[in-house]
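Here is a friendly tour for anyone meeting this protein for the first time. Take a look at the model, and then we'll walk through a few spots together.

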Amino acid sequence: MPLSRRSFLLGMTLGLSAPCWTPRLARAAADGPAPFQPTWDSLRGYAAPAWFRDAKFGIWAHWTAQCVPEQGDWYARNMYLQGEPQYEYHCRTYGHPSQFGFMELDHRWKAEHWDPDALMRLYKAAGAKYFVALANHHDNFDNYDSSHHAWNSVKVGPRKDIVGGWARAAREQGLRFGVSNHSAHAWHWFQTAYGYDGEGPRAGQRYDAARLAKADGRGTWWEGLDPQELYTGPNIVIPDGIRGAAAVRQWHEQHDRPWNENPPPQNPRFVRQWFLRCKELLDKYRPDLLYFDDTGLPLGQAGLDIAAYYYNANRQWHDGRLEAVLNAKGLTPGQVPAMVEDIERGVSDAIRPLPWQTDTCIGDWHYSRRLFEQHGYKSAATVIARLCDIVSKNGNLLLSIPLRGDGTIDADERDVLEQLAAWMKVNGEAIFGTRPWRTFGEGPTKVAAGMFAEDKAGAFTGDDIRYTVKGDVLFAITLGRPSSPQLVLKSLGSAMPGSVERVELLGMQAPLRFKRDTQGLRLELPERLPGASSVAFRIMGRGLGVAG
């Protein structure tokens with residue numbers, strides 16, 4: 001695209017009439033007699049609500065038009081990177097991204113077989129106590145009835161209020177409802193749409209975002225819509241003249257790929273619109289949980305403003321009680337008390353004093369047909385073991401079950417949910433409403449702490465034990481199938497305060513025979529154990545059920 005055309009689009013994007021973000025607007029977000037102000041000092045007065053601490057397990061629908069090609073995560077970015085598998089798939093299936101951009105997939109997303117009520121019944125049976133709907137992703141498309149962003153699921157694609165449908169279905173099943181907001185990164189993440197091929201017959205030819213303006217939609221399905229609002233405007237545009245697909249990818253990796261929580265310096269309108277979109281999302285759907293895919297809070301002061309607004313509004317919705325959960329990642333020690341920290345695809349290696357959450361997926365974040373065909377999802381046994389490990393350390397697990405573009409799940413996903421349901425029916429007592437014990441557990445498998453570390457440790461075994469407590473009852477859960485007829489709970493040796501009077505295996509009626517000595521509590525197991533993976537024990541006595 002010639003420089004003059006790029007300059008025109010840049011001026012058009014930045015010259016729109018909406019005012020930029022100002023301290024005056026920031027203060028307005030906290031007007032009134034509300035207790036929270038948009039500062040870290042004020043937000044540190046937060047405390048996680050009891051419902052979240054009791055819930056332990058939630059299910060997430062990480063679902064956008066990026067699921068339509070069934071090619072996995074980050075399709076909307078990678079389809080514009082020559083040499084990436086998703087680029088090659090896009091060119092073969094839909095055409096070159098200079099002619100068929102991601103906005104066309106927003107149009108093709110129909111969600112025609114989506115049945116939120118039937119899905120929510122499955123999720124509830126699988127043990128979910130809360131459900132989270134993706135409100136928008138880095139592809140900058142709102143999955144709800146948005147007044148501030150015309151690129152939304154009511155006007156384009158499904159022609160349905162996706163978030164509204166999920167909210168109604170979740171609440172009818174008695175689940176708490178949450179939303180995830182990822183769009184603060186759209187301003188840099190989506191800049192590949194303004195790029196070009198580095199080699200081949202179309203080398204140097206700009207992609208659709210670089211050439212389309214609102215006037216170009218006359219007579220098309222997107223008449224009246226401005227592609228620049230979807231693609232966020234040319235904020236970090238690759239310069240002309242870079243040659244070679246690898247060199248182009250390297251440029252994007254260095255310039256628009258880094259995770260940037262700052263406001264775009266040349267696009268204040270994006271920040272203002274982000275705040276208004278998020279505020280409307282909260283006002284319309286009143287979520288119990290708001291998940292930010294951000295390190296700390298997004299977009300500088302705007303993130304602090306929306307956090308304070310959410311806490312204050314939530315108190316009003318609940319007659320003065322704060323029932324809100326706000327998730328973000330990579331928090332500093334000073335930020336941790338201000339919200340519930342989320343560890344993406346990771347865990348903790350110790351009991352954390354404040355509630356926290358792991359978010360992960362059984363496969364790719366966006367639907368991957370390849371994973372289904374290769375039966376590559378996490379097994380139900382793996383999910384259960386990780387849930388037990390997380391809960392023993394004062395955490396919750398938020399698990400994404402990817403949907404296809406048409407709104408359905410596949411047979412393998414359904415099987416995972418059904419196995420979870422069977423396990424929860426027997427063992428849910430050891431999970432829901434519990435608290436950490438004096439120690440989280442024992443066993444040979446060492447856990448690597450931190451984000452994206454869930455696969456760094458080996459698979460859990462039947463010798464890995466996790467403990468939870470509820471009232472006067474202590475629960476011990478194996479993270480795999482016990483391999484011998486005797487199980488030794490080393491943390492319950494005779495040196496541990498308290499007495500053991502009765503031990504029961506959940507799912508069995510008769511008490512177990514046991515012996516306690518300096519080496520631990522020795523349990524004699526029945527020949528047949530309930531279920532196919534982890535098993536849980538109810539341990540009763542005096543002085544045992546004391547939380548850590």
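Let's begin with Glu-418, which sits in helix H18, the stretch covering residues 411-427. Is Glu-418 buried, exposed or something in between? With a relative accessible area of 45%, Glu-418 is partly exposed. Keep in mind that what you're looking at is a predicted model. If you hop from Glu-418 to Arg-171, you cover 247 residues in sequence and 21 Å in space, going from C-alpha to C-alpha.

Another partly exposed residue is Ser-379, whose relative accessible area is 34%. You'll find Ser-379 in the loop that links helix H16 (369-373) to helix H17 (380-392). Its C-alpha atom is 16 Å from that of Val-535, a residue 156 places away along the chain.

Now for the whole picture. The protein has 18 helices and 16 strands. Its radius of gyration is 25 Å, close to the 24 Å that the globule rule gives for 548 residues, so the protein is as compact as a globular protein of that length. Along the principal axes, the C-alpha atoms fill a box of roughly 85 × 55 × 40 Å. Of the 548 residues, 60% count as buried.

Next, a closer look at helix H9 (residues 162-172). Why can we call H9 largely enclosed by the rest of the structure? Because eight of its eleven residues are buried. Those buried residues include Trp-166, Ile-162 and Val-163, along with Gly-164 and Gly-165. They pack against quite a list of partners: strands E1, E2 (130-136) and E3 (176-181), plus helices H8 (116-125) and H14 (268-285). Just past the helix, Gly-174 takes a positive phi of about 80°.

E1 (57-61) also leads us to Thr-64, which is in the loop between that strand and helix H5 (75-78). Thr-64 counts as buried because its relative accessibility is 1%, and buried means under 20%. A polar atom of its side chain lies 3.0 Å from the backbone nitrogen of Gln-66. Leaving aside residues up to four places away in sequence, Thr-64 touches Trp-109, Leu-134, His-137, Asp-139, Asn-143 and His-366.

One more stop: His-252, in helix H13 (residues 245-255). Its relative accessible area is 0%, so His-252 is buried. The side chain of His-252 makes a polar contact of 2.6 Å with the side chain of Asp-256. Again skipping residues up to four places away in sequence, the residues His-252 touches include Arg-77, Leu-81 and Gln-191, as well as Thr-192, Ile-238 and Arg-257.

Here are the accessibility values of the residues we visited:

| Residue | Relative accessible area | Class |
|---|---|---|
| Glu-418 | 45% | partly exposed |
| Ser-379 | 34% | partly exposed |
| Thr-64 | 1% | buried |
| His-252 | 0% | buried |

Note on methods:
Residues numbered from 1 in each chain as written. Predicted model: local features only at pLDDT ≥ 70, side-chain atom pairs only at ≥ 80, totals over all residues. Heavy atoms only, no water. Helix = DSSP H or I, 4+ residues; strand = E, 2+ residues; numbered from the N terminus. Rg over C-alpha atoms; globule rule 2.2 N^0.38 Å. Buried < 20%, exposed > 50% of the residue type's maximum accessible area, 1.4 Å probe, protein only. Polar contact = N/O pair within 3.5 Å; in protein donor to acceptor, adjacent residues only side chain to side chain. Contact = heavy atoms within 4.5 Å.
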